[in-house]
Amino acid sequence: GGWLLLQNCHLGLEFLSELMDTITTVESMSEDFRTWITTEAHPEFPINLLQSSIKFTNEPPQGVKAGLKRTYSAVTQDLLEVSKMPQWKPLLYAVAFLHSTVQERRKFGPLGWNIPYEFNQADFTASVQFVRNHLNDVDSKHGVNWSCVRYMLGEVQYGGRVTDDFDKALLNTYARVWFGEHMFSEKFCFYKDYVIPKGKTVEEYLQYIEQLPAIDTPEVFGLHPNADITYQTNLANETLSTIVSIQPKDSSSGGGETREAVVQRLADEMLEKLPPDYNPHEVKVQLQKMGAIQPINIFLRQEIDRMQHVISRVRTTLTDLKLAIDGTIIMSEELQDALDNMYDARIPKLWFRISWESTTLGFWFTELLERNQQFSSWLQDGRPNQFWMTGFFNPQGFLTAMRQETTRMNLAKGWALDSVVLHNEVTKMMKEDVVGPPPADIGGVYIYGLYLEGAGWDRRNSKLIESPPKVLFTSLPVVHVYA
């Protein structure tokens with residue numbers, strides 16, 4: 001009649017089937033018996049065990065109010081009174097606020113952190129312990145050593161998880177702006193209406209936290225208000241995507257067209273528009289005319305090879321899918337996936353693995369045609385004056401090829417590839433204004449198709465400006481990249 005606790009079951013999946021058999025075949029079982037399983041999400045977790053269980057997850061709370069409430073619910077009166085130093089209570093609250101902030105920024109994706117870090121309660125506990133020890137060692141004459149506090153919070157306690165230089169700079173900025181003698185002044189606030197309360201008991205702190213707004217503006221975390229649009233959009237897309245994925249997949253849909261008929265018609269349309277395969281002999285001849293061993297032409301050949309792989313895969317899938325719908329061949333798992341995804345206007349997994357990200361199948365297919373157009377016209381008409389850089393499989397490789405080209409042009413001056421760096425200049429031209437290649441004495445390439453997220457661009461003065469309200473992306477003019 002007791003409880004059995006099995007922890008980290010994702011590490012022992014083969015035992016779980018045995019457990020399921022034991023539980024289902026046992027002749028008599030106490031009413032009070034329970035099996036409690038902890039596990040990470042795992043694709044191979046036995047589905048029948050999952051379906052017969054009551055499931056719950058432990059997520060970090062949403063919002064500063066909920067985060068602070070959770071933190072202070074675990075704070076005891078003894079902890080609040082552990083130090084007689086006047087700085088202790090404000091510092092404890094500031095560390096709790098920092099803890100909630102680093103958690104909350106994760107929901108904004110790459111706008112919040114370049115890499116999503118798993119900050120947890122242990123980081124908070126260790127930081128509080130450090131602040132407590134530090135205050136115990138402080139002599140009243142010299143006061144708190146703020147550079148030490150900032151370093152420990154920004155570089156060690158929270159910074160210890162951080163691997164990206166920009167994320168490290170962000171954490172150190174929080175430590176610099178929020179931790180210092182200024183935090184004890186009357187004017188100090190994390191953001192308007194978010195201040196450090198003056199309380200003596202845990203209840204007083206919880207009462208203050210209770211009257212904080214339930215929904216925070218991104219500005220509380222130092223982000224632009226537009227960051228919320230990105231978050232809300234992603235949340236809505238994720239919800240809708242989940243709803244679509246669990247729709248029933250039966251063939252007939254009432255009196256209208258069947259799923260198969262819709263997909264068959266779509267497959268016909270796509271096959272009709274799909275570009276022809278590249279002729280390897282023709283590609284070779286054209287590249288030799290342009291100079292087959294020039295770095296930029298080697299790059300073009302690699303891109304064409306990858307494009308050909310995508311075109312072939314799409315053609316094969318669509319042709320096989322039509323045959324499977326007609327009943328000529330068996331509907332495999334991969335073809336079933338293609339059928340389901342195409343019906344929902346999504347990209348089949350088979351194609352997505354070898355291609356690029358896109359929101360819908362329509363946008364993806366249009367991009368396939370546009371990417372292919374760039375490669376085929378480059379091959380037929382020679383090197384273009386400007387390049388659609390976001391239409392490459394390997395944009396980094398393109399920039400490396402350009403560096404190699406510039407280095408070779410300047411070999412007489414003793415240039416070496418290792419010491420050549422990239423320079424970028426945002427021009428005032430849009431892509432329609434480009435009539436020739438960059439000046440021969442500077443070299444390099446003109447590229448277009450880049451945009452800014454979370455900032456605007458002042459074309460007249462060529463500088464970054466605040467993002468206009470409700471505008472997420474700003475298209476950049478043509479950029480001159482040279483080495």
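Guide: On a 1 Å grid over the protein atoms alone, a pocket is an open set of points where a 1.4 Å probe fits, with protein on both sides within 12 Å along at least five of seven lines, and lining residues have an atom within 4 Å of a point. Grid points are joined across faces, edges and corners, and a volume is the space filled by probe spheres set on the points. This is a predicted model: local features need pLDDT of at least 70, side-chain atom pairs count only at pLDDT 80 or more, and totals for chains, interfaces and linings use all residues. Residues are numbered from 1 along each chain as its sequence is written, and side-chain values use heavy atoms, without hydrogens and water.

Visitor: How much space lies in the largest pocket?
Guide: Its lining has 39 residues, with Glu357, Ser358, Thr359, Glu367 and Tyr451 nearest the centre. The space in the largest pocket is about 1,600 Å³.

Visitor: Which element gives the most to the lining of the largest pocket?
Guide: Elements giving two or more residues are α10 (227–245), α16 (361–381), β6 (451–453) and β9 (473–475); helices (H or I, at least four residues) and strands (E, at least two) are DSSP runs, numbered from the N terminus. With eight residues, the one that gives the most is α10.

Visitor: How are helix α11 and helix α14 oriented, roughly parallel or roughly perpendicular?
Guide: Helix α11 (residues 259–273) and helix α14 (residues 333–343) pack at about 90°, with axes 9 Å apart. Axes are lines fitted to C-alpha atoms, for helices over the stretch in contact, and angles run from 0 to 180 degrees between N-to-C directions. Angles of 65 to 115 degrees count as roughly perpendicular, and those under 35 as roughly parallel. Therefore α11 is, relative to α14, roughly perpendicular.

Conventions: Parallel < 35°, antiparallel > 145°, perpendicular 65-115°, else oblique.
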